[in-house]
Amino acid sequence: MVVETRSPEETFALGEKIGRTALPGQIYTLTGDLGVGKTVLTQGVAAGLGIREAVSSPTFTIVQVYEEGRLPFYHFDVYRIGDIEEMEEIGYDDYFFGNGVCLIEWAELIADILPEEHISIKIEKDLSQGFDYRRITVEGLPDEGESERL
Ligand code: ADP
Ligand code: MG
């Protein structure tokens, strides 16, 4: 499924729909260059899960845990990870194989331990379409119609 957005609000709204329909145990990966809107989309997902607390990028920790929503939300940013062992140290499998919703920024850096079953979200700019244009590709949502759910 491809969604095109033309403002941060539209990207937030897509995240919100994802958060509202997210299921326990799902793992979402989020890729895209710096400044493309990963945090905006993540904030939407958190809002859709019913989290009111402010969500930002977990710069100094690999994972930030939010428990106040409809489901636990585990927000990973593995950009600064040096070694997969750092994932072991935080006990990542409790998050990956638990009943919350995982969202992993820069997931390509931990491809070795990423479960095959996950939903990938890719955000891209296309400056020929304008400065605020984003092309967001979502792949791997459960069958029942990626388009119907969102
Ligand atoms: P990242 O987390 O990917 O580094 P951020 O979400 O922090 O990026 O920042 C994205 C920036 O792009 C914000 O300043 C936001 O206002 C701006 N922006 C402009 N258009 C869009 C859009 N369509 N979707 C998301 N963000 C947008
Ligand atoms: Mg960010």
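**Entry 1: pockets, before anything else**

On a 1 Å grid over the protein atoms alone, a pocket is an open set of points where a 1.4 Å probe fits, with protein on both sides within 12 Å along at least five of seven lines, and its lining residues have an atom within 4 Å of a point. I noted that this is a predicted model, where local features need pLDDT of at least 70 and side-chain atom pairs count only at pLDDT 80 or more, while totals for chains, interfaces and linings use all residues. Residues are numbered from 1 along each chain as its sequence is written, chains are lettered from A and ligands numbered from 1 in the order in which they are written, and side-chain values use heavy atoms, without hydrogens and water.

**Entry 2: the second largest pocket**

I looked up this pocket and found about 160 Å³ of space in it; a volume here is the space filled by probe spheres set on grid points joined across faces, edges and corners. Its lining is Gly 25, Gln 26, Ile 27, Phe 96, Glu 117, His 118, Ile 119, Gly 140 and Pro 142. I sorted these into 4 nonpolar, 4 polar and 1 charged, with Ala, Val, Leu, Ile, Met, Phe, Trp, Tyr, Cys and Pro as nonpolar, Asp, Glu, Lys and Arg as charged, and the others, Gly among them, as polar.

**Entry 3: the largest pocket**

Here I found about 300 Å³ of space. Of its 20 lining residues, Gly 35, Val 36, Gly 37, Lys 38 and Thr 39 are closest to the centre. H2 gives the most to this lining, with 3 residues. By class I wrote down 6 nonpolar, 8 polar and 6 charged.

**Entry 4: who sits there?**

What takes up the space of the largest pocket? I found ligand 1 there. Around ligand 1 are 15 residues, and Thr 11, Gly 35, Lys 38, Thr 39 and Asp 132 come nearest (near means a heavy atom within 4 Å). Helix H1 (8-21) and helix H2 (38-48) each supply at least two residues of this shell.

**Entry 5: polar contacts of ligand 1**

I looked for pairs of N or O atoms within 3.5 Å. A polar side-chain atom of Thr 11 is 2.6 Å from a nitrogen atom of ligand 1. On the backbone, a polar atom of Val 40 lies 3.0 Å from an oxygen atom of ligand 1, and one of Val 36 lies 3.3 Å from an oxygen atom of ligand 1.

Technical notes: Polar contact = N/O pair within 3.5 Å; in protein donor to acceptor, adjacent residues only side chain to side chain. Sits in = over half its atoms within 2 Å of the grid points. Helix = DSSP H or I, 4+ residues; strand = E, 2+ residues; numbered from the N terminus.
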